[in-house]
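Take a moment with the sequence and the fold before reading on. We will go from strands to sheets, then to a helix, and end with the whole chain.

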Amino acid sequence: MEPRRSAMHLVTVLAALSIRNAQGEANPRKVAEVELNNSEPLTTLDENNFGDRGDTNLAERSTYSYTLGNGYKCALSGWTHSRDYAKGFVRSKAGSAFAKVSGLIPGALYAWKVYQFASNFKYDEPANNLVVNNAGQGLTPQSESKTATKSGISTADSSGQMSFEFVRNSKQVHLSALALAKTGQPCSKWSTTGWHKGSYKRTFSASQAPDGEDWTWQQCASRCADELDCDFWTLQQGSGGRCFIMVGTAGDYKDVGGHAEGAKESSCSAFSSLKSRISGLQSQIVDFNNHLTLSEQQVSDIKEVVKKDQQQIKKETTDKHDLVVQVRLLISQKAKLLKSLENMTAQKDETMKRLEQTQADLSSKSSQLEQTQADLASKSSQLEQTQADLSSKSKELESKTHEYEQVSSKSQELASQLDQYKRSTSDLSSKLHVKEKTLDSMSKELQDVTIKRDFLEAEKDRLENKVRTSKEVTQHLAGLEGLRASGRVSYSQQVVQVCPAHIEDEIRTRSVVFQLQPKAYS
């Protein structure tokens with residue numbers, strides 16, 4: 001098995017080990033560089049594979065142990081052969097073979113790649129199945145390509161293990177290499193936008209940020225994770241904001257906005273994976289030394305096999321007849337192999353055409369999926385807007401309902417008052433009707449009284465006139481009587497000459513008495 005890692009990865013590890021300055025403080029600019037490479041790398045087929053056993057028959061019930069890249073242990077079982085054309089293990093009988101990886105963090109996410117090289121028995125139909133942690137991963141067609149036949153991300157079980165099952169459907173199922181890498185764990189922050197009181201341990205200005213301008217909350221959280229004395233962190237967001245390293249328990253909360261804060265988390269550290277990487281390198285160095293010893297033993301075994309083969313060839317060459325028969329047999333086998341090769345080439349061409357068509361279909365489906373996702377995003381945005389509108393309308397409806405209830409209550413009060421007013425109006429109408437009748441009666445009586453008063457006043461005036469006339473007549477009669485008594489004038493002359501016109505008739509009436517009784521006046 002190839003234990004070497006890439007030179008670039010080794011440089012990355014060495015650079016991570018030297019990111020502290022002369023005062024022993026972490027350099028925030030270099031922290032950011034390591035943070036970008038925080039996930040473990042996935043090894044390639046050439047960097048790490050199971051092709052160290054050559055062409056060997058294996059015991060199906062035996063377990064073969066290897067160390068994968070990043071220092072994880074792997075146990076292989078259920079394999080029947082080791083072949084160079086597979087660059088690793090082969091199972092050529094029905095059933096399943098297994099690879100179990102241990103030394104993982106329970107519940108952690110790990111990215112993986114499966115390599116299944118095949119210079120022979122390639123493009124076998126049907127393709128073989130892959131199962132990871134009891135979850136089907138689909139078919140894995142093996143070929144001469146050094147790229148992974150399948151990749152994915154799975155979770156380590158409660159025992160810190162991950163199992164890979166290779167189900168043989170075709171003539172053979174291969175396993176050339178297996179790569180596993182711990183994914184970067186999420187770095188989180190609190191949902192608050194203000195800040196909590198606490199003890200300030202260190203303060204980093206904006207010029208000390210990785211870009212020399214402004215801190216991000218992830219960088220401030222990483223700085224807290226790399227500090228020995230840090231319990232939580234606070235960041236002033238925006239231009240010129242500072243990163244505060246806090247110790248102790250978070251105190252009173254100031255809800256002023258414009259801040260980000262969170263607890264110390266190891267997953268935020270830029271150095272969280274260095275220890276496992278260094279451990280993996282150390283294990284690989286040990287494997288490499290063992291591999292060198294194993295190679296020397298293999299060379300000795302090969303020399304012994306070559307020696308025996310040479311003796312066998314020498315013995316076989318003594319029998320020319322058998323050699324000719326064998327040559328003829330080989331020629332016949334060659335012809336069969338050539339024909340088989342032609343058939344396999346035709347199958348390969350047909351498979352490649354199907355693969356190209358499948359790729360075209362996948363590309364079309366991918367485009368459709370992207371369009372569908374875009375449509376879903378648009379619909380989701382519209383739905384959110386509609387929900388917001390509905391929420392607003394609901395609030396307006398609640399307000400209108402409240403107003404309606406108030407208006408309804410007021411309307412009921414007004415209706416009750418109106419009923420009372422109607423009843424009062426009805427009573428008043430009845431009383432008014434009675435008063436009108438009384439008023440009509442009194443009006444008639446008043447008219448009668450007025451007529452009587454006018455009549456009485458006219459009668460009074462007449463009587464008063466009569467009284468005055470009577471007095472004047474009396475006075476004139478008295479005067480006339482004096483004149484007549486003196487004999488100077490007759491009564492009739494006196495009446496004509498002396499009496500006013502308005503009493504003349506009255507005097508004449510009275511003079512009748514005198515004329516009838518002239519002696520009385522002589």
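Two strands pair if DSSP finds at least two bridges between them. Helices (H or I, at least four residues) and strands (E, at least two) are DSSP runs, numbered from the N terminus. The model is predicted: local features need pLDDT of at least 70, side-chain atom pairs count only at pLDDT 80 or more, and totals for chains, interfaces and linings use all residues. Residues are numbered from 1 along each chain as its sequence is written, and side-chain values use heavy atoms, with hydrogens and water left out.

Start with a hairpin. E2 and E3 form it, with five residues between them. In the turn sits Asn70, whose phi is positive, about 70°. Strand E2 covers residues 63-67 and pairs with E3 in the antiparallel sense, over five bridges. Find Ser65: opposite it, in E3, stands Ala75.

Now stay on E3, residues 73-77. Which of its side chains are buried? Here, buried means under 20% relative accessible area, with a 1.4 Å probe and protein chains only; exposed means over 50%, and partly exposed lies in between. Cys74 and Leu76 point to one face and are buried.

E3 has another partner, strand E6 (residues 95-102). These two run antiparallel and are joined by five bridges. Ser77 stands opposite Phe98 in E6.

Next, look for an open sheet of four strands. Its order is E1-E4-E5-E12, and the pairing is antiparallel. The edge strands are E1 (56-57) and E12 (173-175), each of which pairs on one side only. Strand E4 (residues 81-83) and strand E5 (residues 88-91) pair over three bridges.

Turn to helix H3, residues 217-226. Why is H3 largely enclosed by the rest of the structure? Nine of its ten residues are buried, so the rest of the structure largely encloses H3. Among the buried ones are Trp217, Arg223 and Asp226. Cys220 and Cys224 are buried too.

Finally, step back. The chain has seven helices and 19 strands. Of its 522 residues, 28% are buried. Contact means heavy atoms within 4.5 Å. Among contacts with a separation of 6 or more, 72% come from residues 24 or more positions apart.
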